[in-house]
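Subject: Structure handover, with notes on ring pairs

Hello,

Here is the structure for you to look through. My notes follow below it.

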Amino acid sequence: AYGAATDNRGYFEIQNIFAGEYTLTASHVGYEDYIYEHIIVEKDIPAKLTINLHPTVGMLEEIQVSAARDFNRDSAFRITLSSEQINNTSARTLGELLVQIPGVDIIEKGAGGGQKKISIRGSNPNQVLVLLDGIPLNDPLTGEADLNLVPISMVEDVTIHKGGNASKSGSGSMGGQVEIKTKKFLKNEVRVGINGGSFNARGGNIALSAALGRFSLFSNYDYQTEDGNFPYTYFELDGTQISEDRLNTDFKSRQFFIKTGYHADQHQLILQANLYQSDRGLPGTIFFWTPYASADVQRKLAAASYHFTGDQLNLSLQVSALQNSSEYQNLWPEDPPLKYRRVPPYHTHYQLEVYQAESQSTWRWSESNEAIVRLYYRIDRFRDKDLFTNDPAMIQEANNLQAAIGVENNWRFVPENLSLIH
């Protein structure tokens with residue numbers, strides 16, 4: 001059997017067939033088949049045919065489609081890393097953990113202890129909301145979150161939502177959302193861990209969890225340090241190849257986390273605090289080296305949450321206070337080498353304070369109807385100083401106030417199955 005398909009003008013050609021007698025069948029969807037018998041093909045003489053197809057109505061058998069409604073339809077866009085999965089990795093920070101997730105890109109600024117920011121499906125880092133027990137970790141100035149500030153030793157599980165969630169969480173979650181839950185109070189134990197790696201990377205952590213009746217406690221201390229002096233090669237403007245070690249790439253971080261809770265039948269109260277401090281060298285870029293630059297970052301977080309679960313009423317309340325303090329400096333020693341003078345000296349200090357309170361009340365009128373009331377209040381305070389010249393800084397002081405109230409009523413219809421008949 002031989003065959004061919006027509007081009008966009010309706011012409012076709014069947015090549016490389018032997019001389020003889022043939023039967024030709026032409027078919028197309030929506031048209032009657034055309035059968036042409038007793039076609040004589042002679043050697044080296046093309047046989048030409050003109051075929052006219054007549055339209056027809058195709059009769060199909062009944063098709064029935066049925067499916068049950070899936071109320072968890074966002075599961076395909078959500079990935080959860082359990083505590084067991086996290087413990088089976090060698091990651092030290094959240095940034096190192098998420099680098100293996102499909103659809104997630106970790107943007108690194110410097111090696112090792114450098115900043116690690118997240119992008120989901122090509123989004124900008126300021127379009128991904130990062131929550132630690134419901135508290136945003138994104139910098140209100142840049143909208144970005146540094147995942148290296150979250151050590152794995154304090155993480156219970158992580159959920160990544162791919163795709164926009166702006167209707168519920170604001171424009172900062174158009175690319176996606178990362179929800180981090182800290183360790184739960186499971187049993188009385190003490191855990192000690194140590195780690196090491198290339199470029200003199202080393203660290204450790206100690207964690208304590210305890211439970212006494214309705215009260216529970218979890219605390220964690222984490223320490224990480226590394227030199228980061230990796231070798232690299234570059235070319236001078238005259239083409240000369242230079243190989244040397246990266247300068248001023250050391251990193252040190254210390255973090256203390258404590259979480260205590262009270263658990264009753266319908267009530268849950270949780271208090272937590274987090275202290276973080278890091279010192280990081282800022283090596284600069286090729287031809288603009290800054291071997292004397294450094295960054296000192298401090299974060300202080302305190303939060304309290306209360307949850308009530310009743311037969312008809314569910315109530316959730318959370319208040320938090322966050323202070324981020326960053327000091328950047330590039331102070332030259334006396335008479336530094338000329339190639340290290342291309343970036344001028346500076347010494348600046350930034351401080352950001354965020355105070356936030358939010359609540360959600362849900363009243364179930366029936367199994368299919370519920371009313372929800374949400375309240376939100378937030379204050380941002382920013383201060384910056386120029387410690388090098390003592391002149392007024394660019395911004396000096398800025399304040400921002402946000403408040404919102406939302407009311408909604410939901411009806412839910414759950415048919416046993418949904419059928420469409422065609």
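**Aromatic pairs and their surroundings**

Phenylalanine 199 counts as partly exposed, because its relative accessibility is 39% (buried is under 20% relative accessible area, exposed over 50%, partly exposed in between, with a 1.4 Å probe and protein chains only). Please note that this is a predicted model, in which local features need pLDDT of at least 70 and side-chain atom pairs count only at pLDDT 80 or more, while totals for chains, interfaces and linings use all residues. Residues are numbered from 1 along each chain as its sequence is written, and side-chain values use heavy atoms, with hydrogens and water left out.

The structure holds 12 aromatic pairs (rings of Phe, Tyr and Trp, the last by its six-membered ring, pair if their centres lie within 6.5 Å; planes under 30 degrees apart count as stacked, over 60 as edge-to-face and the rest as tilted). One of them joins phenylalanine 199 to phenylalanine 230: the ring centres are 6.3 Å apart and the planes are at 65°, so this pair is edge-to-face. It links distant parts of the chain, 31 residues apart: phenylalanine 199 is in the loop between β11 (189–197) and β12 (201–212), and phenylalanine 230 is in the loop between β13 (215–226) and β14 (231–235). Strands here are DSSP runs (E, at least two residues), numbered from the N terminus. Phenylalanine 230 has a relative accessible area of 24%, so it is partly exposed.

A tilted pair is formed by phenylalanine 215 and tyrosine 262, at 5.2 Å centre to centre and 50° between the planes. Phenylalanine 215 lies in strand β13 and tyrosine 262 in strand β16 (residues 251–263), 47 residues apart, so this pair too links distant parts of the chain. With a relative accessible area of 52%, phenylalanine 215 is exposed, whereas tyrosine 262, at 31%, is partly exposed.

One aromatic cluster is made up of Tyr232, Tyr234, Phe287 and Trp289. Two of its rings have a charge over them (NZ of Lys or CZ of Arg within 6 Å of the ring centre and within 35 degrees of the ring normal). Arginine 246 lies over the face of tyrosine 232, 5.6 Å from the ring centre, and the charged end of lysine 339 sits over the ring of tryptophan 289, 4.9 Å from its centre.

Last, valine 190, in strand β11, is exposed, with a relative accessible area of 56%. Leaving aside neighbours within four places in sequence, valine 190 is in contact (heavy atoms within 4.5 Å) with Ile206, Ala207 and Leu208.

Regards

How values were computed. Helices (H or I, at least four residues) and strands (E, at least two) are DSSP runs, numbered from the N terminus.
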